[in-house]
Amino acid sequence: MACRNVALSAIVLLLFTMSLPAVYGQAATDAVFSIDGQPRAVVVRGEAGGRAPAQQLVNYLNRITGSNLSLNDDASEADALTILVGREAAADRRGLDFDALHPYGYFIRLIDADTLVIAGRNATADGYAVFDFLRRFCGYRWLMPGELGEVIPQTNVIPLPANIDIVEAPSLTSYTNAGLYGGNGAYLRSWRTTLLASHSMNLIYPPEKYAQEHPEYYPMVDGERFIPTPDMHGTWQPCVSNPDLPGIAVEFAGEWFATNPEALGLRAGVNDGGGDCHCPSCTAWAEEFGNQYVPFYNELGRQMTDAHPDKLVCFIAYGGAAKLPHDIRLEPNLYVEVCHGLRDDFSLMREWQQAGAQHIGLYDYIYGSGYVVPRHFPHVMGNAWKHAHERYGLTGAWTESFIRVWLYDGPRQWVLNNLAWDMDADVDALQEDYFSHCYAEATAPMRDFFDRIEAVYARKSDPLYPMADRGRLSQFAEYTRDDLSYLRSKLSEAEDVAQDPAAVGRLQLFRRIFGLSELYLRSYLAGHDLEQTTAADRDDAERILRLADEGLRSARGIERYSMTDAEEKAIFTNTTLDEYRGEPTLRPAIMVEREADRVFSLISDSIVRADGADAARSFWSSLAEEGRYRILLPLLRTQLHLLDHPEGGPNLFQSPSFEPADGGGTELLTDADLERFDWSRLDRRLPGWSTWHFQQSVTRFYLDPTEARTGDYSLSVRENQIAGCFQTGVPVTPGARYRLSFWVKQQPPDLGGSMSVRWMRDGSWADQGENAAPRIQVLYPTGQRSEWREVVVTFTAPEGVTTCLPLFSAPRQGPDEATWFDDVSMVLICPAEEE
């Protein structure tokens with residue numbers, strides 16, 4: 001927890017201009033403080049690691065006061081107030097025990113009438129201290145990158161109290177924002193990683209050092225040792241049951257602590273990307289304890305107790321190490337960073353604590369990237385952090401932020417970073433601080449705007465699982481048309497009352513980015529209304545047509561949305577407008593097309609039943625010729641085609657029911673193609689079908705005679721550690737429209753997961769890079785019983801593609817779980833319109 005002891009007289013920025021007496025030896029334009037009402041000239045000193053933070057302090061004091069200070073200016077008068085920045089500059093001053101501080105703690109202290117110390121235990125902490133001083137006493141605020149991102153008051157004199165004694169230490173011992181693109185880490189006090197728990201096995205057991213003499217240190221997969229190449233940082237794990245490995249890690253620890261003096265623990269997390277060892281010993285540990293890594297970490301913890309008794313062993317509960325252990329207690333010096341640790345009412349934190357974890361951290365994903373609407377959850381997440389800190393002793397957090405739009409993410413980041421430093425801070429006070437400095441006269445309506453965004457977020461089934469809908473259309477699911485209307489009104493109200501030039505500039509940028517988000521929401525809401533329509537006839541047609549038109553026009557608006565170069569540069573961080581809206585799975589037009597096709601067919605069926613097929617043809621022909629709904633013309637033509645070809649064209653899948661047969665069929669991809677994509681041919685009796693799974697992980701694929709919807713066989717995925725799928729290729733014509741359907745069954749029935757459609761162009765991916773074709777993703781239905789369920793999607797083949805690749809994927813599954821597929825179909829429902 002942050003520790004403070006501050007005796008302050010009134011801290012108000014006094015805006016006055018005066019010529020200082022000659023005794024101070026500085027012009028009126030020089031930076032001065034007033035201490036207890038008495039003006040003082042200033043000298044700023046910084047040495048070694050503190051030099052850069054000291055220079056930042058000088059720069060900002062000059063910008064605030066219009067002065068011309070120089071760092072380490074020996075020409076200044078002797079009785080000036082000397083500011084010592086950094087441990088080296090203040091090393092010989094009394095009462096400053098830097099070694100007693102947290103590794104990133106700091107002092108802001110008037111140690112006597114002439115000396116102010118702003119210094120931390122290391123150079124990073126010096127930067128924290130400088131920006132904390134600027135925030136507390138100078139009115140400075142950092143809100144976002146760019147020219148509009150800073151609040152720099154203009155004053156001749158900065159008042160200070162007669163007594164300043166601040167000692168700062170964070171509530172969370174370790175805290176990191178991964179992907180804090182463009183962020184001022186010193187102001188936000190980020191990247192203070194004292195407990196690094198993530199991917200480290202490749203560093204401890206580098207193959208270039210050990211593989212030649214000790215291949216047994218590396219994973220066994222399907223009976224063979226896999227030796228990673230030196231540049232392979234992930235997708236493999238060591239054979240943790242090998243008794244040599246803990247001792248090697250202890251030896252590595254000595255090197256780690258020598259080069260990372262701020263470290264309070266040894267980094268020992270599993271590599272990214274799976275690749276667990278499946279040797280008999282590791283498998284036995286996994287079966288006996290539920291987690292093959294915990295026995296390894298326990299032995300490492302015991303050996304570390306002797307070698308480094310004051311340090312922890314840090315690992316991330318991720319991948320194979322995420323499984324909750326049983327019949328084994330964790331050693332007391334293990335730090336467990338729990339992925340998604342807040343979700344399901346803190347169940348994972350609670351269960352790791354019950355397994356003996358005495359030091360618990362959080363690894364969470366609060367993106368950022370993969371989202372095209374604002375996400376604001378300071379109360380939801382902040383209160384959860386407070387609870388985890390109090391109830392589960394939350395010690396540290398690594399949060400993947402990956403910010404792309406600071407106007408959206410900045411308010412949330414402001415609150416969470418401040419809470420990570422001081423868990424007792426008030427969320428509402430923090431928000432008021434941010435919005436009042438960012439939007440000035442428009443504070444109230446912008447607070448209302450973001451409060452509504454948080455209210456929308458809080459409707460999610462589990463708002464403490466923040467990445468559940470990343471890259472999915474379901475990120476729009478909680479919005480209503482009333483929300484959209486309210487948000488528009490608040491933004492207009494803010495624009496009407498704002499007068500501060502910087503606030504006006506920020507609001508203009510906000511209007512530009514929210515205009516794009518609004519198009520996504522309008523398109524999705526139209527598609528959602530269509531999705532809720534279960535019956536329709538001729539009388540409903542006008543409403544249905546308007547929804548489809550709104551949905552596709554809004555989607556077209558996304559594609560055509562533009563900004564000036566200056567706006568794009570000011571709004572986006574580490575991305576561009578094209579990249580931001582280019583997420584292939586965030587294309588609401590696909591949902592609108594699918595649901596419009598379905599509901600249009602309901603209308604067709606109703607007309608045919610009442611008046612016959614000719615009446616239905618006349619109905620759709622009139623709409624097509626009328627021209628009011630030009631954007632819907634392909635869908636109108638689809639209904640006309642289906643009236644003549646109710647089932648569509650022939651099934652374009654080979655072996656659609658997976659009944660093996662000798663001879664016949666065409667292999668769309670050669671063996672060389674399969675090798676290039678790291679795919680494996682499924683079975684020569686099922687031409688065109690292949691499999692893929694994540695490297696060095698286990699996925700069990702079957703041509704399964706034990707379960708079938710029709711015939712004797714289905715395809716099934718059983719154990720699936722990371723990711724795996726069946727796939728095939730189907731030649732398509734750009735602009736033609738298709739209906740894809742399949743049947744899926746799962747055990748247990750609520751496994752979930754999705755199939756997706758990718759695209760190729762002449763043997764290369766067409767859904768990557770510039771002008772990427774939009775991928776299609778369809779969720780599997782879940783229920784209470786394990787039974788066959790049909791999934792149907794319609795789509796238009798994008799321009800420039802030659803091949804459609806449906807990927808029938810399975811979610812992560814244990815050895816006793818399964819996903820089956822059968823009776824797949826893809827038919828032409830409308831030819832491409834002739835030029």
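Which residues in α15 meet which residues in α19? In the predicted model, Y520, S523, Y524, G527, H528, L530 and E531 of α15 meet P588, A589, M591, V592, R594, E595, A596, R598 and V599 of α19. Contact means heavy atoms within 4.5 Å. By class, this contact has nine nonpolar, three polar and four charged residues. Ala, Val, Leu, Ile, Met, Phe, Trp, Tyr, Cys and Pro count as nonpolar; Asp, Glu, Lys and Arg count as charged; the others, Gly among them, count as polar.

The model is predicted, with local features needing pLDDT of at least 70 and side-chain atom pairs counting only at pLDDT 80 or more, while totals for chains, interfaces and linings use all residues. Residues are numbered from 1 along each chain as its sequence is written, and side-chain values use heavy atoms, with hydrogens and water left out.

Helices (H or I, at least four residues) and strands (E, at least two) are DSSP runs, numbered from the N terminus. Two packed helices are described by the angle between their axes and the distance between the axes. Axes are lines fitted to C-alpha atoms, for helices over the stretch in contact, and angles run from 0 to 180 degrees between N-to-C directions. Angles under 35 degrees count as roughly parallel, over 145 as roughly antiparallel, 65 to 115 as roughly perpendicular and the rest as oblique.

The axes of α15 (residues 501–531) and α19 come within 9 Å and cross at roughly 25°. α15 and α19 are therefore roughly parallel to each other. Their crossing is left-handed. A crossing is left-handed if the near helix is turned anticlockwise from the far one by less than a right angle, and right-handed if clockwise.

α19 also packs with α16. The axes of α16 and α19 come within 9 Å and cross at roughly 165°. α16 and α19 are therefore roughly antiparallel to each other. α16 passes α19 in a left-handed crossing. On the α16 side, the contact is made by A541, I544, L545, A548, G551, L552, A555 and I558; on the α19 side, by P588, A589, V592, E593, A596, V599, F600 and I603. These residues divide into 14 nonpolar, one polar and one charged.

The axes of α10 (residues 378–391) and α11 (residues 406–421) come within 10 Å and cross at roughly 15°. α10 and α11 are therefore roughly parallel to each other. The crossing of α10 past α11 is right-handed. P378, M381, G382, W385 and K386 of α10 meet V415, L416, L419 and A420 of α11. Seven of the contact residues are nonpolar, one is polar and one is charged.

The second largest pocket has a volume of about 1,700 Å³. Its lining comprises 48 residues, of which E559, R587, P774, P798 and E799 lie nearest its centre. The lining has 25 nonpolar, seven polar and 16 charged residues. α16 (541–560), α18 (577–580), α19 (588–611), α21 (633–644) and β28 (789–796) each supply at least two lining residues. α16 gives the most, with five. A pocket is an open set of points on a 1 Å grid over the protein atoms alone, where a 1.4 Å probe fits, with protein on both sides within 12 Å along at least five of seven lines; lining residues have an atom within 4 Å of a point. Grid points are joined across faces, edges and corners, and a volume is the space filled by probe spheres set on the points.

The peptide bond from Y367 to G368 is cis, with omega near 15°. G368 is found in the loop between β16 (359–365) and α10. D344, not a glycine, has a positive phi of about 55°. D344 is placed in α9 (residues 343–354).
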